[in-house]
Amino acid sequence: MNKLKIHDVSVVYPAAQGGDPVTALNEVNLTIEQGDLVVALGASGCGKTTLLNLIAGFIRPTDGYLTLGDSRIEGYPRVAVGLDIGDEVTGPGADRGVVFQKHALLPWLNVIENTEFGLKLQGVDKQERRERAAKFLKLVGLEDFHQHKIYQLSGGMQQRVGIARALTNDPQMLLLDEPLGALDALTRESLQELLLDVWRETHKMMFFITHDVDEALLLATRLIVMSPRPGRITHEFELNFNQQFLETRNARQVKSSPEFIAMREKILAIIHGDEIAA
Ligand SMILES: Nc1ncnc2c1ncn2[C@@H]1O[C@H](COP(=O)(O)OP(=O)(O)OP(=O)(O)O)[C@@H](O)[C@H]1O
Ligand SMILES: [Mg+2]
């Protein structure tokens, strides 16, 4: 069974000119298992993106280490030989798909070419990569838009291409950094539903960052709340509002339940308390 483990990880960014070093994360521990949809919530600057970048292998920890299955995620710069525990060492990899806040699609390619791009880099032959890309474009509701250019799509459609592209590589884990932050409320809600469908269908591990408390509560199987300076995980909750959402398909109904409202108040109190203390 796949499992991502973060072991006592700290990240200190070097001092910028005239400033002090920034401790972005301090002794963070987290385990994400198959089927977990972990949502990270916290004020701006508390280290959410830093945590995602570590998992993605874009950066390496100052202290501690990460493992995915039996492999150690070492991050850039890539190290070629095994470390003390002798595990395989990996940087970024197709086993972790990333969806960014603003889509990172290639404007000179059309929708299906963007979606299959990772497979092309891996040398997968054209027919197979077309089939796999088409399968995930269908899953995100874009089966009729294969030939469209990126600029011909709405923001929500562009994010759906980003999600399909990440899924097409068949990653073990999907990492999403505020993927819905720039969308209007209605589109956002429909993509929340889409992501939950994808999660239920693929059973992939997901790590999802948001500023939005309602979104966090609606999506998470596990919610982690982070606080800044230094960034750490201060609270963790097991939730099941996403099951209610998948059953009822009615976000407003779920959000108006007494349990949801009470949990929202609890989380807001934690976040505001942290802000005052910081
Ligand atoms: N490359 C970097 N060099 C120096 N400091 C950095 C770098 N990246 C982030 N930081 C600092 O580390 C801290 C955490 O940043 P990070 O981007 O992880 O926060 P975040 O929780 O994702 O914030 P936001 O919600 O605004 O996206 C911040 O104080 C930020 O200024
Ligand atoms: Mg961020």
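Predicted model: local features only at pLDDT ≥ 70, side-chain atom pairs only at ≥ 80, totals over all residues.
# Sheet, helices and ligand site

Trainee: How many bridges join strand S10 to strand S11?

Mentor: The hairpin has four residues between the strands. S10 covers residues 222–227 and S11 residues 232–238, and the two run antiparallel. The number of bridges between S10 and S11 is six.

Trainee: Which strands stand at the edges of the sheet?

Mentor: The sheet is open and has six strands in the order S7-S8-S9-S3-S10-S11, with mixed pairing. An edge strand has a single partner, so one side of it is left without a neighbour in the sheet. The strands in that position are S7 (96–99) and S11.

Trainee: What does the twist average from one strand to the next?

Mentor: The strands concerned are those of the open sheet that has S7 at one end of its order and S11 at the other. From each strand to the next, the twist averages 20 degrees.

Trainee: Which residue in S9 stands opposite Leu175?

Mentor: Strand S8 (residues 173–177) and strand S9 (residues 205–210) run parallel and are joined by five bridges. Within this pairing, Asp177 faces Ile209 of S9. For Leu175, the residue opposite is Phe207.

Trainee: Which residue stands opposite Leu174 in S8?

Mentor: S8 also pairs with S7, in the parallel sense and over four bridges. The residue that stands opposite Leu174 is Gly97.

Trainee: How many residues of S8 are buried?

Mentor: In a regular strand the side chains alternate between the two faces of the sheet. In S8, Met173, Leu175 and Asp177 lie on one side, Leu174 and Leu176 on the other, and all are buried. S8 is therefore largely enclosed by the rest of the structure, the count of buried residues being five of five.

Trainee: At what angle to S9 does helix H6 run?

Mentor: Helix H5 (residues 155–168) lies across S7 and S8, and runs at about 175 degrees to S7. Helix H6 (residues 185–202) lies across strand S3 (37–42), S8 and S9. The angle of H6 to S9 is about 160 degrees.

Trainee: Is Glu178 buried or exposed?

Mentor: Glu178 lies in the loop between S8 and H6. Its phi is near 45 degrees, positive although the residue is not glycine. Glu178 has 14% relative accessibility, and the cut-off is under 20%, so Glu178 counts as buried.

Trainee: How far is a polar side-chain atom of His211 from an oxygen atom of ligand 1?

Mentor: The residues around ligand 1 include Gly45, Lys48, Thr49, Glu178 and His211. An oxygen atom of the ligand is 2.5 Å from an N or O atom in the side chain of Ser44, and an oxygen atom of ligand 1 is likewise 2.5 Å from such an atom in Thr50. For His211 the distance is 3.0 Å.

Trainee: Which backbone oxygen does the side chain of Thr115 reach?

Mentor: Thr115 lies in helix H2 (residues 111–115) and is buried, with a relative accessible area of 1%. Leaving aside neighbours within four places in sequence, its contacts include Ala133, Leu137 and Val161. At 2.7 Å, its side chain reaches the backbone oxygen of Val111.

Trainee: What is the relative accessible area of Glu27?

Mentor: Glu27 belongs to strand S2 (residues 22–33). Glu27 is not a glycine, yet its phi is positive, at about 50 degrees. Glu27 is exposed, with a relative accessible area of 56%.

Trainee: What arc do the buried residues of H8 cover around the axis?

Mentor: The buried residues in helix H8 (residues 241–248) are Phe241, Asn242, Phe245 and Leu246. They are on the same side of H8, because the arc they cover is only 140 degrees.

How values were computed. Residues numbered from 1 in each chain as written. Chains lettered and ligands numbered in written order. Heavy atoms only, no water. Buried < 20%, exposed > 50% of the residue type's maximum accessible area, 1.4 Å probe, protein only. Arc of directions from axis to C-beta. Pairing = 2+ DSSP bridges. Axes fitted to C-alpha atoms, helices over the stretch in contact; angles between N-to-C directions. Contact = heavy atoms within 4.5 Å. Near = heavy atom within 4 Å. Polar contact = N/O pair within 3.5 Å; in protein donor to acceptor, adjacent residues only side chain to side chain.
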